[in-house]
Number of protein chains: 2
Amino acid sequence: MKALVIFAHPNPQSYNAAILDAVKAELGQQTAEVRVKDLYRMNWNPNLGLSDLQQIYSGGMPEDIAREQADIRWADALILIGPIWWWTLPAIVKGYIDRVFSYGFAYEFTEKGLRGLMAGKRAIVITTSGADEKGAAATGMIDAIKTGFINAVFGSCGFTPIAYKNCFGVVETSDEVRRHYLEEVKEFVRNNLA
Amino acid sequence: MKALVIFAHPNPQSYNAAILDAVKAELGQQTAEVRVKDLYRMNWNPNLGLSDLQQIYSGGMPEDIAREQADIRWADALILIGPIWWWTLPAIVKGYIDRVFSYGFAYEFTEKGLRGLMAGKRAIVITTSGADEKGAAATGMIDAIKTGFINAVFGSCGFTPIAYKNCFGVVETSDEVRRHYLEEVKEFVRNNLA
């Protein structure tokens, strides 16, 4: 099992960083090969720009994008970890998708419409929210993320199976609940890698 | 009427740029005061980073964010123009929201929950999609954008009214339809500024 972990939080002391540590510990238990992409530490450029488009249209690929695509090709499983900001992941994650999941790499168009090219790869998404479960249910936030982000991106590109877990209310909850969540995260990864 | 136009497309020759021109022409007709934020030309930094958070937590505000907040305070209407990439706007727009729509500026928490602070300001969102109307309806893309982006961001922050128009199938359609869309865009802006 080769796992590519994509991590997106600006604060290395954050609860998201504790989740990353828990995921890495669990992957170690499963003797998976692991590559971690810490997008903030990499200073990832999220802006799909004119020079990117010009290179891609002329048959090339910007070097930083090509490197990520090579790692995704290598991986059996993509594990994304980040906070929910404004009902979706941070801009740096959107910009990873915008730039790396390019036409001809992640998807193509056929006579039958869009076809994902990531078949055979799993996706595991773990997020945190300030909103608790009741608040999130009342607003429809989680359904919006499932439809507008997880299905739109990982579903369209053919990742299967796709597993999603959100840790609710992480700002207001107790340390005990937060510690419990880390155990749940490990179990979640274990169950969804098999 | 003071209108702040936020524009997000990397290519100055794009159809989105033609939409921007149409919107500016219509705003000129309405003798509105206009400020345009061309996010790619501004080289806007979309990554809400650790140093941003540290400044904000200690009562300060990064200079580039403060400048945008001043322009939003100035405006009666915010007009956002950009393409749909992966069922939402580009990362550079998400990063404008992540950084500029900060706690205490765009929203706050009260005993009754989240409260938007943008009451009295209109929002007008104009997007383009490669997907045609039938394809978009089949996948639920437009509903996902309305719920997960427009309501999540502009609704939560109290903008009212909020108007949304998507120009469908702009890649495959004819120049005639594209020209017609530009007239529709002008009418849409005119009707929603009043």
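1. Start with helix α4 of chain B, residues 91–100, in this predicted model. Of its 10 residues, 10 are buried, so the helix is largely enclosed by the rest of the structure. The buried set includes charged residues by class. Among them are B:K94, B:D98 and B:R99. B:G95, B:Y96 and B:I97 are buried as well.

2. Next, the contact between the chains. Chain A gives 33 residues and chain B gives 33 residues. About 2,500 Å² is buried between chain A and chain B, and carbon and sulfur atoms give 69% of that area. On the chain A side, A:N47, A:W86 and A:K94 lose the most area to chain B. Together they make up 29% of what that side buries.

3. What holds the polar part of this contact? There are 10 residue pairs in polar contact between chain A and chain B. The count of salt bridges between the two chains is 0. In chain A, helices α2 (50–57), α4 (91–100) and α6 (141–155) each supply at least two residues of the side that touches chain B. By class, that side has 22 nonpolar, 9 polar and 2 charged residues.

4. Now the core. The largest nonpolar core has 140 residues. A:F101, A:I126, A:F154, B:V23, B:F101 and B:F154 touch the most other members. Take B:F154 as a case.

5. Salt bridges come next. Over all chains, the whole structure has 26. In chain A, A:D175 pairs with A:R178 at 2.9 Å, N to O. Both lie in helix α7 of chain A, 3 residues apart, about one turn of the helix. Is A:R178 buried or exposed? At 18% relative accessibility, A:R178 counts as buried, while A:D175 is partly exposed at 47%.

6. Chain B has a pair that links distant parts of the chain. B:E26 and B:R190 form a salt bridge, with the closest N and O atoms 3.0 Å apart. B:E26 sits in helix α1 and B:R190 in helix α7, 164 residues apart. B:E26 is buried, at 4% relative accessible area. B:R190 is partly exposed, at 37%.

7. B:K186 also lies in helix α7 of chain B. B:K186 touches B:A22, B:A25 and B:E26, leaving out residues up to four places away in sequence. B:K186 is partly exposed, with a relative accessible area of 23%.

How values were computed
Residues numbered from 1 in each chain as written. Chains lettered and ligands numbered in written order. Predicted model: local features only at pLDDT ≥ 70, side-chain atom pairs only at ≥ 80, totals over all residues. Heavy atoms only, no water. Core = buried A, V, L, I, M, F, W, Y, C linked by side-chain atoms within 4.5 Å. Buried < 20%, exposed > 50% of the residue type's maximum accessible area, 1.4 Å probe, protein only. Contact = heavy atoms within 4.5 Å. Buried area = accessible area lost by both parts, 1.4 Å probe. Salt bridge = Lys/Arg side-chain N within 4 Å of Asp/Glu carboxyl O. Polar contact = N/O pair within 3.5 Å; in protein donor to acceptor, adjacent residues only side chain to side chain. Helix = DSSP H or I, 4+ residues; strand = E, 2+ residues; numbered from the N terminus.
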